[in-house]
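Q: Please take me through the assignments made for this model. For each one, set the value against the definition behind it.

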Amino acid sequence: MRKVRVLVVGCGNMGTSHARAYHQLEGFEIVGLVSRKPESREKLSDELGGLPTFGDYAQALADTKPDAVSINTYPDTHAEYIKVALEANAHIFVEKPLALTVEEAEKIVSLAHEKNKKMVVGYILRVHPAWKKFVEVAQTLGKPLVMRMNLNQQSSGAHWYTHKQLMQSMSPIVDCGVHYVDVMCLMTASTPKSVSAIGARLTDEIDAKMYNYGQLQVRFEDGSVGWYEAGWGPMMSETAFFIKDVIGPKGCVSITDEAKGESDDVDSHSKTGALKLHHSATDTDGNFIKNDEIIDTSDEPDHDGLCLLEQEYFLKAITENLDLNDHLRDAVNSLRIVLAADESFRTGKTVEL
């Protein structure tokens, strides 16, 4: 079978990991690396044995004529880059989010259908074995569910620079929140009803209308509720930077890992270590019937390993003509929820969906 010729756009943290995956997978051939900064693309090219590099996306598309384009750039470029690639008849892998607005995202999905091209959005937790187990166990706890999640990042230096660049177009609860809201939707298999949010601007290094701390609350039709909290910056606390906790009538399940790294360690953002399952059932004296269970998940992929799993799925979607309708619907819905949270923060009102 002919290899899928892929153009990698963006050579930062995510682009590098995805390029390593394409390089490792027999079914892909990297035809070019694109980035704004020459040093990032040249460094990655050297690592992968010498690949064509480009500073201009349009030129790279014209010269390489790829079968697929992998978009790993800042979020405010995603919609336009996807459109151009689809018009060039390429399949798409794109880091979340699809776009900056729901309307843009829906138009892009329609265009992908029109062009009969596969489009996979980088929801990395969907391919993570331990997170898949987390969702599976949460679905045994009964309804409604109470879902408590956060990812606060105490960032400095290059990490804080990247966060400030991201906040030129979106807040932390929008950028990171799509992952965890997506997980909540998987756990409940229910339709979200309303969203509210609070937030604060804790630094004058960002635009006056932007905020670097936020928390959203989402309500589902089945009575389930969830909150997600995210903050970025040198002022953020690491006391509770990683909470992943789900409660139902039958008990609760939590991600627990005492060996977890610091909040600016990308591997620690998806790392689990273990799941702790608590059963709520009691005997006639009110004492618990079962002991808590520890489900070992320590044998899990690192960040590059997870990106490899994502690209295996992308390859399968192309070569086996997978139906991605549900995948793309979920991608748009999770974006709809976090953008509603952003609206709620700015208006001070609950947003009905």
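A: Contact means heavy atoms within 4.5 Å, and helices (H or I, at least four residues) and strands (E, at least two) are DSSP runs numbered from the N terminus. This is a predicted model, in which local features need pLDDT of at least 70 and side-chain atom pairs count only at pLDDT 80 or more, while totals for chains, interfaces and linings use all residues. Residues are numbered from 1 along each chain as its sequence is written, and side-chain values use heavy atoms, with hydrogens and water left out.

Q: What covers the buried residues of H4?
A: The cover includes H3, S4, S5, helix H5 (102–115) and strand S6 (119–122), and the residues covered are His78, Ala79, Ile82, Ala85 and Leu86. Beyond H4 comes Asn89, which has a positive phi near 60 degrees.

Q: How do you know where the buried residues of H3 lie around its axis?
A: In helix H3 (residues 57–64) the buried residues are Tyr57, Ala60, Leu61 and Thr64. Viewed down the axis, they fall within an arc of 100 degrees, so they line one face of the helix. An α-helix has 3.6 residues a turn, so residues three or four places apart point the same way. The buried residues of H3 pack against strands S1 (4–9), S2 (28–34), S3 (53–54) and S4 (68–71), as well as helix H4 (78–87).

Q: What marks the start of H3, and what follows the helix?
A: At its start, a side-chain oxygen of Asp56 comes to within 3.3 Å of the backbone nitrogen of Ala58; after the helix comes Lys65, with a positive phi near 45 degrees.

Q: Why is Asp175 called buried?
A: Its relative accessibility is 5%, and buried means under 20% relative accessible area (exposed is over 50%, partly exposed in between, with a 1.4 Å probe and protein chains only); Asp175 therefore counts as buried. This residue lies in helix H8 (residues 172–175) and, leaving aside residues up to four places away in sequence, touches Pro75, Lys96, Leu166, Met170 and Trp232.

Q: What makes S1 and S4 a strand pair?
A: Two strands pair if DSSP finds at least two bridges between them, and S1 and S4, which run parallel, are joined by four; Val8 has Ser70 as its bridge partner in S4. S4 also pairs with strand S5 (residues 91–95) in the parallel sense over four bridges, and Val69 stands opposite Ile92 in S5. From S4 the chain crosses through H4 to S5 in a right-handed β-α-β crossover, a term that applies if, with the strands pointing away from the viewer, the path from the first strand over the helix to the second runs clockwise.

Q: Why are S3 and S6 said to stand at the edges?
A: The open sheet of six strands has the order S3-S2-S1-S4-S5-S6, with parallel pairing. S3 and S6 each have a single partner strand, so one side of each is left without a neighbour in the sheet. Elsewhere in that order, S1 and S2 run parallel and are joined by six bridges, with Glu29 in S2 as the bridge partner of Arg5.

Q: Why is the pair of Tyr180 and Tyr228 called stacked?
A: Rings of Phe, Tyr and Trp (its six-membered ring) pair if their centres lie within 6.5 Å, and planes under 30 degrees apart count as stacked, over 60 as edge-to-face and the rest as tilted. Nine aromatic pairs are found in the whole structure; in this one the centres are 5.0 Å apart and the planes at 15 degrees, so the pair is stacked. Tyr180 belongs to helix H9 (residues 177–188) and Tyr228 to strand S11 (residues 225–233), so the pair ties together parts that are 48 residues apart in sequence. Tyr180 is buried at a relative accessible area of 4%, and Tyr228 is buried at 0%.

Q: Why is strand S12 described as largely enclosed?
A: Five of the seven residues of S12 (residues 242–248) are buried, so the strand is largely enclosed by the rest of the structure. Six bridges join it, antiparallel, to strand S7 (residues 146–151), with Phe242 as the bridge partner of Leu151. S12 is also joined by four bridges to strand S13 (residues 251–256), again antiparallel, and these two form a hairpin with two residues between them.

Key:
Arc of directions from axis to C-beta. Polar contact = N/O pair within 3.5 Å; in protein donor to acceptor, adjacent residues only side chain to side chain.
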